Amino acid sequence: MNPVFRVIEPGARTLVQDQGFRNARGIGLPACGALDRTAMRLVCALLGNPAQSEVLEMALSAPTLRAEGETRAIAEWTATCLNDGDEMHLAPPLRGAVAVLGIGGGVDLPFVLGSRSTGDKAGFGGFKGRSLAKGDLLPVGVSGAMAGQVDRRFSLPLRPETGPICVVAGPQTEIFTEAAYATFFGTGHLVTPRMDRMGRRLDAQHFEHTGPGAADIISDGAAPGAIQVSGNGLPIILLADAQTTGGYPKIVTVTRVDLPRLAACVPGDMLRFIGVTVAEAEAAARAEDRHLVEVEASITEFAGTSRDLVAFFGPEPHNRHSGHDPPRPLPRTYFRPG
């Protein structure tokens, strides 16, 4: 029998996700996939999995899983192994709303549109098209990448992410007044409880359109990172499960490098934005990729058991309402024999 993880407690929302459905947006479906692609990439590297391997994405509270069948791997910036019967209790992320758990060999589920991601709003893909539930048996793929090995971790820490979230203007720049842009870039914007994988609503000052009918445009393409402004003048940041088209104008678009930072947001976080050019956004993406290659190359064996996260990632941030942007969520795990 192939090994499985039995779901003892499912957590608030635990979904199978990978890089998203291939070419889905061209047929009117959201791409879905992991909200934090950087974290997904790093845990896959740590486990020796292909970069396109699936992970479990956890929101706010984490699941309790029991390994059944064989020794399997889990990840927490340190990859380790579970034996048959070991029960794994995942603490919430130290900071932020979303974390990912990588499994050696991935999960053995059917592909839909070239992916094992979950489109839970439409009920397809992933594990039966839904979040994991108590009693589910999650089949694990076959991989010997971690079998019998000591723990592994990154010896090169990630660069800290500081400063405002970078955005490029538009695409509907002509629909917003200069005052709207001055307000957008000159003030902080509060994340509201109205948030899911499709988007984050912000409680902000109203952004003025150029006219009474300007808030309604002919529907055009919408993509993750776009910040729509509806007729009430309040912004919505689109995320991984974003619709493919929409009739609200988009004041700015978040750069690819900074999209994972939005996954960390929880209600009450204060976001600030800064404008960059397309060329600057592309240069930042290339620099980020070079850094992640260096981090992946730093994987080394780790014989210890302590996890000094403060030394690795730096001290805790200031108060959420201080105006500092939220850092990346950090998965944290521990396990004990069942």
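This note sets out numbered points on the fold, helices, salt bridges and selected residues of a predicted model.

1. Basis of the model. The structure is predicted; local features need pLDDT of at least 70 and side-chain atom pairs count only at pLDDT 80 or more, while totals for chains, interfaces and linings use all residues. Residues are numbered from 1 along each chain as its sequence is written, and side-chain values use heavy atoms, with hydrogens and water left out.

2. Overall composition. The protein has five helices and 24 strands; these are DSSP runs numbered from the N terminus, with helices being H or I of at least four residues and strands being E of at least two. Of its 338 residues, 54% count as buried (buried means under 20% relative accessible area, exposed over 50%, partly exposed in between, with a 1.4 Å probe and protein chains only). The accessible surface comes to about 14500 Å², and carbon and sulfur atoms hold 55% of that area; the areas come from the Shrake-Rupley method with a 1.4 Å probe, and for residues only the protein chains shown count as cover. Among contacts (heavy atoms within 4.5 Å) with a separation of 6 or more, 78% are between residues 24 or more positions apart.

3. Helix 1. Eight of the 11 residues of helix 1 are buried, so that this helix is mostly covered. The buried residues are Thr 38, Ala 39, Met 40, Leu 42, Val 43, Cys 44, Leu 46 and Leu 47. Just after the helix, Gly 48 adopts a positive phi of about 80 degrees.

4. Helix 2. In helix 2 (residues 178-186), Ala 180, Tyr 181, Thr 183 and Phe 184 are buried. They lie on the same side of helix 2 because they cover an arc of only 160 degrees around the axis, the arc being that of the directions from the helix axis to the C-beta atoms. An α-helix has 3.6 residues a turn, so residues three or four places apart point the same way. The face turned away from the buried side carries the exposed residues Glu 178, Ala 182 and Gly 186. The cover over the buried residues includes strand 13 (165-169), strand 14 (189-195), strand 17 (226-229), strand 20 (250-254) and strand 22 (273-275).

5. Salt bridges across the sequence. The structure holds 14 salt bridges, each defined as a side-chain nitrogen of Lys or Arg within 4 Å of a carboxyl oxygen of Asp or Glu. One of them joins Arg 6 and Glu 68, with the closest N and O atoms 2.7 Å apart. Arg 6 lies in strand 1 (residues 4-9) and Glu 68 in strand 4 (residues 64-68), so this pair ties together parts that are 62 residues apart in sequence. Arg 6 is partly exposed at 28% relative accessible area, whereas Glu 68 is buried at 17%.

6. A salt bridge between loops. Glu 54 and Arg 116 meet in a salt bridge at 3.3 Å, N to O. Glu 54 lies in the loop between helix 1 (37-47) and strand 3 (55-59), and Arg 116 in the loop between strand 8 (98-102) and strand 9 (118-119), so the pair links parts 62 residues apart in sequence. Glu 54 is buried at 6% relative accessibility, and Arg 116 is buried with a relative accessible area of 14%.

7. The side chains of Asp 136 and Arg 130 form a salt bridge at 2.8 Å, N to O. Asp 136 is buried, with a relative accessible area of 8%, while Arg 130 is partly exposed at 28%. Salt bridges with shared partners join Arg 13, Glu 57, Arg 197 and Asp 241 into one network.

8. Arg 200. This residue lies in strand 15 (residues 199-203). Arg 200 is buried yet has no salt bridge, and the nearest side chain of opposite charge, Asp 196, is 5.8 Å away (Lys and Arg count as positive and Asp and Glu as negative; His and the chain ends are not counted). The side chain of Arg 200 does reach the backbone oxygen of Asp 196 at 2.9 Å. Not counting residues up to four places away in sequence, Arg 200 touches residues including Val 191, Pro 235, Ile 237 and Cys 265.

9. Leu 259. Leu 259 is placed in helix 3 (residues 259-263). Leu 259 and Pro 224 are 35 residues apart in sequence and 8.2 Å apart in space, C-alpha to C-alpha. Leu 259 touches Pro 224, Gly 225 and Val 254, not counting residues up to four places away in sequence.

How values were computed. A polar contact is a pair of N or O atoms within 3.5 Å; within protein, one must be able to donate a hydrogen and the other to accept it, and residues adjacent in sequence count only if both atoms are side-chain atoms.
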